[in-house]
Amino acid sequence: GYDDSLDAFLSDEESHSAPNSAAVTGDTDVVRTFHALDEGQSAADTVTDTISSTNGYKGFYYHFLGSDGLRKLDGDGVGSELSSVDTAILMMGILTAREYFYDVPEIRDLADELYQRIEWDWMLDPGNDLFYMAWKPVCGVGYQEPAPGGGCFTSKSDGSPLQWDYYTDEVILIDLLAIGSPSYPVDVDTFYAWNRVWGEFGGHRLVQSWNGSLFIYVFAHLWIDFQDLGEDGHPVEPVDWWQNSIEATWANWQFAVDHQDDIACDEDDDYTTYSELSWGLTAAENPCPGDEDPYHAYGASPSADPPDHDGTIAPYGAGMATMFLPEKAIPALKHYFGSTDLWRYRFGFGDAYNLDPEGCDGPCYNHTSFGIDQGPLLIAIENYRSGMVWDTLVPNPDLRRAICSIWHCDTIYLPLVLK
């Protein structure tokens, strides 16, 4: 999470835990780092350099970079993917720093250059206005859709394109940044190209995500304040995304309450971890040992796929929901702090825990700290407390242009710029 570290410097300065000079220095160093990283000039160059001498391509960044700042390789030499969503998340952090330190020319100018060099239209399928999830310079399993200039975009097991074709807050972020781009913009119709499928659970009706993970309803809301925007401009199915995320949060809480159990190890799909104070099913690592692929997109109904849940709870799930449902989220955070072994005083909450795992070998705790957990949790709490990150991004002209092409915000959003 470099995107999270950028926002963290701002929160430190706002709370007076770090001087302004330290915040300026910290954010300048981060932005300089990404500007200085040596991008590959073409897919051919990337392949020639054994796919290891680059960190990005066409302005996008690879999902994982090593400690040397270069594209991270797996043990078998297969490199990380060039990620549309991770680039978008990073860019939101960079643009936040741009606005907060607008009077620091170096941060402002480097941020503009980083944003303006992303070729959003290259990652977009012009036939359906959908973004691809990722790209690799060498085609292979999962990457079989030929890309302009070489390499391949993401594909499904049958070889068909794998794209952002179903609602998620992640695609909202990608679309807003791409629509607002001053250098490689895409048409506003991109925002209306993906599927909006309605679902219901526990009396809460919402546009559902594919797997029901709570983070999917959160990420765009970390930086954009949707509260007063109302419904978007979709010609057939307009949606109030703020209310949608509130309904998703209620449904997630209700799912945990409905699946709580008083008896451990009874081999049903109810679990003693779940309760009205322990909820927020979202992506995490299985905290119990022995899982060959510990990452799970844990989730709750409603969802397109049956939700994956096994009693694992990640505290950042409810923590992210503080801005949507503080009356449920804050008691949950107090519970994780005072009644579980999740808290560590240097890095905060661990990733996840499970009191009722398969095999009855619990309780299990994963004390690993992930930036992608801690960052959203802290940003959401700060927005609930002060609205700082939301307010910081309001003046950005490119995001404002994108937002106002989708929402009728001339009487709602634009006046905030002047406050």
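**View 1. Three disulfides in a predicted model.** A disulfide is called here when a pair of cysteine sulfur atoms lies within 2.5 Å. In general terms, a disulfide is a covalent bond between the sulfur atoms of two cysteines. The structure holds three disulfides. This is a predicted model, in which local features need a pLDDT of at least 70 and side-chain atom pairs count only at pLDDT 80 or more, while totals for chains, interfaces and linings use all residues. Residues are numbered from 1 along each chain as its sequence is written, and side-chain values use heavy atoms, with hydrogens and water left out.

**View 2. The disulfide of Cys139 and Cys152**. The sulfur atoms of Cys139 and Cys152 are 2.0 Å apart, and the torsion about their S-S bond is about 85°, so this disulfide is right-handed. The pair links distant parts of the chain, 13 residues apart: Cys139 is in the loop between β6 (134-136) and β7 (145-146), and Cys152 is in strand β8 (residues 152-153). The names of such elements follow DSSP runs, numbered from the N terminus, with helices (H or I) of at least four residues and strands (E) of at least two. Is each cysteine of this pair buried, partly exposed or exposed? Buried means under 20% relative accessible area, exposed means over 50%, and partly exposed lies in between, for a 1.4 Å probe and protein chains only. Cys139 is partly exposed, with a relative accessible area of 45%, whereas Cys152 counts as buried at 3% relative accessibility.

**View 3. The disulfide of Cys265 and Cys360**. Here the two sulfur atoms, of Cys265 and Cys360, are 2.2 Å apart. Cys265 lies in the loop between α8 (241-258) and β11 (284-285), and Cys360 lies in the loop between β15 (352-354) and β16 (364-366), so the pair ties together parts that are 95 residues apart in sequence. Cys265 counts as partly exposed at 36% relative accessibility, and Cys360 is partly exposed with a relative accessible area of 46%.

**View 4. The disulfide of Cys288 and Cys364**. The S to S distance between Cys288 and Cys364 is 2.2 Å, and with 105° about the S-S bond the link is right-handed. Cys288 lies in the loop between β11 and β12 (295-296) and Cys364 in strand β16, so the pair ties together parts that are 76 residues apart in sequence. Cys288 is buried, with a relative accessible area of 10%, and Cys364 counts as buried at 4% relative accessibility.

View 5. Pro363 lies in the loop between β15 and β16.

**View 6. Positive phi at Lys58 and Asp129**. Lys58 has a positive phi of about 55° although it is not a glycine, and its place is in the loop between β1 (56-57) and β2 (60-62). Lys58 counts as partly exposed at 22% relative accessibility. Asp129, which is not a glycine either, has a positive phi of about 60° and lies in the loop between β4 (124-125) and β5 (130-131). At 25% relative accessibility, Asp129 counts as partly exposed.

**View 7. An open sheet of six strands**. The strands of this sheet follow the order β1-β2-β3-β6-β8-β7, with antiparallel pairing, where two strands pair if DSSP finds at least two bridges between them. Strands β1 and β7 stand at the edges, each with a single partner strand, so one side of each is left without a neighbour in the sheet. Two bridges join β2 to strand β3 (residues 82-83), and these strands run antiparallel. Within β3, Leu82 is the bridge partner of Tyr62.

**View 8. The largest cavity and its lining**. A cavity is, on a 1 Å grid over the protein atoms alone, a set of points where a 1.4 Å probe fits but cannot get out, and its lining residues have an atom within 4 Å of a point. Grid points are joined across faces, edges and corners, and a volume is the space filled by probe spheres set on the points. By this rule there is one cavity of 30 Å³ or more, and the largest cavity has a volume of about 50 Å³. Its lining includes Leu206, Tyr217, Asn252, Ser301 and Pro302, and the largest share, three residues, comes from α8. By class, the lining has seven nonpolar, three polar and no charged residues, where Ala, Val, Leu, Ile, Met, Phe, Trp, Tyr, Cys and Pro count as nonpolar, Asp, Glu, Lys and Arg as charged, and the others, Gly among them, as polar.

Key
On a 1 Å grid over the protein atoms alone, a cavity is a set of points where a 1.4 Å probe fits but cannot get out, and a pocket is an open set with protein on both sides within 12 Å along at least five of seven lines; lining residues have an atom within 4 Å of a point.
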